[in-house]
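This report describes selected features of one protein model, from its helices and sheets to its ring contacts. Please read it alongside the sequence and the structure.

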Amino acid sequence: MNLICLENIYKSYGEKVLLDNISISINEGEKIGIIGINGTGKSTLLKIIAGIENYENGNIMTSNGLRVSYLSQQSFFDEEATVLEQIFKDDTPVMRLLRDYESTVNKLELDEKNEGLQKKLLTLTSKMDAMNAWQLESDAKTILTKLGIYNFDAKVSTLSGGQKKRISLAAALIMPSDLLILDEPTNHIDNDTVAWLEKYLNNRKASLLMITHDRYFLDRVTNKIWELHAGNIYSYDGNYSIFLEKKIEREELEKSIEAKRQNTFRRELEWIRRGAKARSTKQKARIQRFEEIKNSKIDTVDDKIEISAASSRLGKKVIEINNINKGYDNRFLIKDFSYIFSKNDRVGIIGPNGMGKSTLLNICTGKARPDSGEVIIGETVKIGYFSQEGREMDESLRVIEYVREGGEFIKDSEGELISASKMLENFLFDSNMQWTPISKLSGGERRRLQLLRMLMEAPNVLVLDEPTNDLDIQTLTILENYLDSFEGTVIAVSHDRYFLDRTSEKLLVFEGNGTISHYVCNYSEYIEKYSSEVNVTKENINKKETKDSYKEEKKKNKPLKFTFKEQKEFEEIDNTIADLEDNISKLDELINSSGSDYESLQKLIKEKEELTSKLDYSMERWTYLNELAEKIEAEKGV
């Protein structure tokens, strides 16, 4: 079934055309990834489909009662709201009911004998039953837990920027919808959470439309790719790997057509230059055909970014870390850590959010000092630091002025000088854009410009803190190629698994309680060889840290407890899982004995799929409820 159809949509931003009369549709069950260079209008397209951005021409038709849930890159928060209140901010009947219910429960905990509140809670409980709102509340808590948010009553104002982003993601995921729209959902979440999100979206029946730079994520979740380029949109059936194959075929076909057009144009141009006069009808028609050929040029602009490797000379000593310790609020982020970064090292740094990865980078670059221990930086070291926040930009500067502050020329790998203007062209800033004020660039274009500015300074040690955030796939691909030939040291914190596999030969893994372990492998090899044993240790450390943190917070936070519905579910969940497993086992026997009865076999397989889906959900609920039970017991034991 068709959910939404866009016909001849035109959208411009100033003189720049973002969408040039595009026509596209989304069908039920489609999971679509949008890719394209930053600044081409990907986020604008999402906003138009979500109904929050206007367009200049065209029509949009939707199915009756279409429900859309949308995650923006920029979310707005009520700083005084609790986590759950923020999650239920949407102005739908069920969300208003959930807000009222949570508010009443909180008030009743402060005034347990208030009969008015007790009666109101009974009424709200009946309404929750009627609207099946318990499921939404339950889903919200499960998803928040999976995203690393455990304190549902915490004020939004107390959370970090990354935690707020994850709350926005949770709010989009729990919203009942036919079409889920996500703008960079993998930003600000760690590798384990990205893996969970993959599984969640694959199991979700609603259609999906998203922008992401995570190529593994695109490959495993999508069944269609839209490529946005120069105002046009190209649709490819299949995941990211299939898209790459089909895109090459399309580009080769376009080049072939353009080559034929140019040959014909040259022949007709010769005829025109010989002084042919439009005396006959045939000659008039030929001149008209010449004009048509002249104006029918196919846009075969190569959107790949090329960077020649260039760096300053680097001596033997790079960065040496000796027994450093660093902590905040009586908690170790880094404990007794030593490591020597060598010339040409390719080191990836991974671990859950909030563990101290960025802190380690700041210590390595001298932006922060350890509590104890020493950091020795070699005399020839010239660090290029590409941070999550990016350096301050004077928005009044024009693009080329900003880059020239980093360097007027840069040498390529063969020693040839390349001008700032030429490097900007390689970075898809054409001659017109080079004189554009920075204030008019999109967020992604600014990140690309910051990356170029850093490289123009010819560093010999690159320190990259989440470099894949807000960079498009084409830029990332060329950055990876650049790093292949970069004659220096690369240290990168990243949650992008593809980027880590392409660029890292060693890993530093934050495993909790200040422990950082060293592995000689890339990310996929680490997951295959080491992650199972590491996760057991990590789980034990996390349990201890969780218990300790709840001991500290008990005085200022109200005690954890099950809701009535959760308590009942906790008591029944083991039997529910056992029944589902038993029923699946019986279905397997029936399937094996069904023989050639195709119709019966199809029904049995469909029934098994439904039960398996229920079992997966019940196992997630079991994990959440048991983790919550452990935390409740930990509080009681304080």
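How many of the 8 residues of helix α11 (residues 357-364) are buried? In this predicted model, 6 of the 8 residues of α11 are buried, so the helix is largely enclosed by the rest of the structure. Buried here means under 20% relative accessible area, exposed means over 50%, and partly exposed lies in between (1.4 Å probe, protein chains only). The buried residues are K357, T359, L360, L361, I363 and C364. After α11 comes G366, with a positive phi near 85°. Helices (H or I, at least four residues) and strands (E, at least two) are DSSP runs, numbered from the N terminus.

**Basis and confidence**

Residues are numbered from 1 along each chain as its sequence is written. Because the model is predicted, local features need pLDDT of at least 70 and side-chain atom pairs count only at pLDDT 80 or more, while totals for chains, interfaces and linings use all residues; side-chain values use heavy atoms, without hydrogens and water. pLDDT is the predictor's confidence in each residue, from 0 to 100. The protein chain has a mean pLDDT of 82, and 84% of its residues reach 70 or more. Over residues 536-557, pLDDT stays under 50, and the model has 20 contacts beyond four places in sequence for this stretch. A contact means heavy atoms within 4.5 Å.

**The sheet of β2, β1 and β4**

Strands of a sheet pair through backbone hydrogen bonds, either parallel or antiparallel. Two strands are taken to pair if DSSP finds at least two bridges between them. An open sheet of 3 strands is arranged in the order β2-β1-β4, with antiparallel pairing. Its edge strands, β2 (16-27) and β4 (57-62), each pair on one side only. On average, neighbouring strands of this sheet are turned by 10° against each other, direction ignored. Axes are lines fitted to C-alpha atoms, for helices over the stretch in contact, and angles run from 0 to 180 degrees between N-to-C directions.

Strand β1 (residues 2-13) is joined to β2 by 8 antiparallel bridges. The bridge partner of K11 is L19 in β2. Helix α1 (residues 42-50) packs on the sheet and touches β1, β2 and β4, its direction making about 130° with that of β1.

Strand β2 also contains N21. Although N21 is not a glycine, its phi is positive, at about 55°. N21 is partly exposed, with a relative accessible area of 42%. A positive phi of about 50° is likewise found at A458, again not a glycine. A458 is placed in the loop between α14 (443-456) and β17 (461-465), and at 18% relative accessibility it counts as buried.

**Strand β10 and its partners**

Strand β10 (residues 319-328) and strand β11 (residues 331-341) run antiparallel and are joined by 7 bridges. Within this pairing, E320 has I340 in β11 as its bridge partner. The two strands form a hairpin with 2 residues between them, and D329 in the turn has a positive phi of about 50°. β10 also pairs with strand β13 (residues 372-377), in the antiparallel sense over 5 bridges. There, I319 stands opposite I377 in β13.

**Aromatic rings and charges**

The structure holds 9 aromatic pairs. Rings of Phe, Tyr and Trp (its six-membered ring) pair if their centres lie within 6.5 Å; planes under 30 degrees apart count as stacked, over 60 as edge-to-face and the rest as tilted. Two of the pairs are listed below.

| Pair | Centre to centre | Angle between planes | Class |
|---|---|---|---|
| Y216 and Y498 | 5.3 Å | 70° | edge-to-face |
| Y236 and F243 | 5.0 Å | 80° | edge-to-face |

The pair of Y216, in helix α8 (residues 215-221), and Y498, in helix α16 (residues 497-503), links distant parts of the chain, 282 residues apart. Y498 is partly exposed, with a relative accessible area of 27%. By contrast, Y236 counts as buried at 5% relative accessibility, and F243 counts as buried at 2%. Ring pairs link Y236, Y240 and F243 into a cluster.

A charge sits over a ring if NZ of Lys or CZ of Arg is within 6 Å of the ring centre and within 35 degrees of the ring normal. The charged end of R220 sits over the ring of Y216, 4.9 Å from its centre. R453 lies over the face of Y402, at 4.8 Å from the ring centre.
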